[in-house]
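Q: I've got a model open in the viewer and I'd like to learn how to read its features. Can we take them one at a time?

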Amino acid sequence: MSEPYDVVVIGGGPGGYVGAIKAAQLGMKVACVEKRGRLGGTCLNIGCIPSKALLHTSHLYEDAQHHFEKIGIRAKGVELDLGAMLDNKDDVVDNLTKGIEGLFRKYKVDYIKGAARLTGTNAMDVALLDGGNQQVASKNIILATGSDVMPLPGVTIDEERIVSSTGALDLDKVPEHLVVIGGGYIGLEMGTVWRRLGAKVTVVEFLDRVTPGMDMEVSKTFQRILTKQGMTFRLGTKVTGVDSSGELLKVHVEPAKGGEGEAIECDVVLVAIGRRPYTDGVGLEAAGVALDERRRIATDEHFRTNVPGIFAIGDAIKGPMLAHKAEEEGVAVAEILAGQQPHIDYNLIPGVVYTDPEIAAVGQTEEQLKQAGVAYKVGKFSMMANSRARAVGNTDGFVKLLTDAGTDRILGCHIIASDAGTMINEVTVGMEFGASAEDLARTSHPHPTLEEAIKEAALAAFAKPIHM
């Protein structure tokens, strides 16, 4: 066993590798253990990054197929080369993972390729990918083990015909009919990719709405837009099983509230009902680390587990399973270990669905404000009235700003727009500094930009919009 590290991070995903780099920048001796053999975790390897690459290229393909002629571009003979599209996705992932390895070298973070298992409060055994074992000791340990696909009882994922989000990134051909089980972020994004490439897509959702947890008005508008684009939705519907014995799969469904069942035939099923914390096989029991009722690692507000010197972050603990949330926590733990006092406002962790249009949200929804009894105002502005959106032909959606009725302080923002994921950052920064709607409205916005819709929504919240 080598001399103990100051910090060893178990898991090389966004939270883990960012936390490792930050700790090294703060002068600590750091190692990061990753069993995949590639840094970046689920997000970079089989999640956020490859899915965004496919969303981008499939969007270009759909535009060339169906929208170019309307704007005066005649592109004849446009064909899909699915293999090349998937190769491009893989190249993006490869380059980014190598980039993280370069950062580890730059900041002198030791990269240990293997599966770590805690053997005590300050030690672990690493089964190395190249063979053999390595004993590693550390004064502090950060558990950044991430999450895994949530299974659906009675449905066996084979990653060929019945796939998770992982298999959905690498289908060898465009399905004739793709059934997506789950109407959340992941299912709708991957369903969008394959619909653009030519698949019929049916989304089956247990609840009576898509994107649970979002502002209800946004969810309903979003579903209408996706329906217009060609998706079919079966809401309030329960999947009881998938029969894979025949040439076609048969997805057995019935009303969630009870009733007669039926079978939906398709050639590929995507199971996208969520993710669960990855906490098994890490040796938590040996170290005495406690879990909560949902088998997440239990932590306090400073990310400390019940065992001194062991911290946990990211998807393995409570909170939204988002890469940027994990990154903030990784930095926070490193700063805590360096004697600093960081703070994360979990109300200001934005969420984005990267379809077209995109959906972005930060802060509270109307439903949450009503439930809490908060008096609020709504400032809303349609993208149809935004000059940049009209110029580029992306007029679906709106900006919706929620403010405190008494103080004008911004409480939440919900956007449907072609670049909502970028637009939301202005509001997030404003909320971080306690901005009012008037603050945003009196800030000069360049013209013509989509962001002007935020200014107009802010005007609508405390006065009247100019352009609507």
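**Reading the packing**

Q: Is the crossing where α3 passes α4 left- or right-handed?

A: Look at how the near helix is turned from the far one: anticlockwise by less than a right angle is left-handed, clockwise is right-handed. Here α3 passes α4 in a right-handed crossing. Helices are DSSP runs of H or I with at least four residues, strands are E runs of at least two, and both are numbered from the N terminus. Before going on: this is a predicted model, where local features need pLDDT of at least 70, side-chain atom pairs count only at pLDDT 80 or more, and totals for chains, interfaces and linings use all residues. Residues are numbered from 1 along each chain as its sequence is written, and side-chain values use heavy atoms, with hydrogens and water left out.

Q: At what angle do the axes of α3 and α4 cross?

A: Axes are lines fitted to C-alpha atoms, for helices over the stretch in contact, and angles run from 0 to 180 degrees between N-to-C directions. The axes of α3 (residues 48-67) and α4 (residues 82-107) cross at roughly 140 degrees and come within 9 Å. That makes the pair oblique (under 35 degrees is roughly parallel, over 145 roughly antiparallel, 65 to 115 roughly perpendicular, and the rest oblique).

Q: Which residues of α3 and α4 make the contact?

A: Contact means heavy atoms within 4.5 Å. An α-helix has 3.6 residues a turn, so residues three or four places apart point the same way. On the α3 side, the contact includes Ile49, Pro50, Ala53, Leu54 and Thr57, and on the α4 side Met85, Lys89, Val92, Val93 and Leu96 are among those involved. By class there are nine nonpolar, three polar and one charged residues in it (Ala, Val, Leu, Ile, Met, Phe, Trp, Tyr, Cys and Pro count as nonpolar, Asp, Glu, Lys and Arg as charged, and the others, Gly among them, as polar).

Q: How do α1 and α9 pack?

A: Use the angle again. The axes of α1 and α9 (residues 323-337) are 7 Å apart, at an angle of about 30 degrees, which makes α1 roughly parallel to α9. Their crossing is right-handed. Pro14, Tyr17, Val18 and Lys22 are among the α1 residues in contact, and Ala323, Glu327, Val331 and Glu335 are among those of α9.

Q: How many residues does the largest nonpolar core have?

A: Such a core is a set of buried Ala, Val, Leu, Ile, Met, Phe, Trp, Tyr and Cys residues joined through side-chain atoms within 4.5 Å. The largest one has 51, and Phe104, Leu118, Met124 and Leu143 have the most contacts inside it. Helix α1 (residues 14-25) gives the largest share, six residues. A second, separate core of 35 residues includes Val163, Ile225, Ala272 and Val353.

Q: How many residues of α14 are buried?

A: Nine of its 11, so α14 (residues 452-462) is largely enclosed by the rest of the structure. Its cover includes β19, α11, β20, β21, α12 and α13.

Q: Where are the cis peptide bonds and the positive phi values?

A: Most residues other than glycine have a negative phi, and most peptide bonds are trans. Here a cis bond joins Asp356 and Pro357, and another joins His447 and Pro448. Pro448 lies in the loop between α13 and α14. Phe303, not a glycine, has a positive phi of about 70 degrees, and is buried at 6%. Asp408 has a phi near 75 degrees and sits in the loop between β20 and β21.

Methods: Buried < 20%, exposed > 50% of the residue type's maximum accessible area, 1.4 Å probe, protein only.
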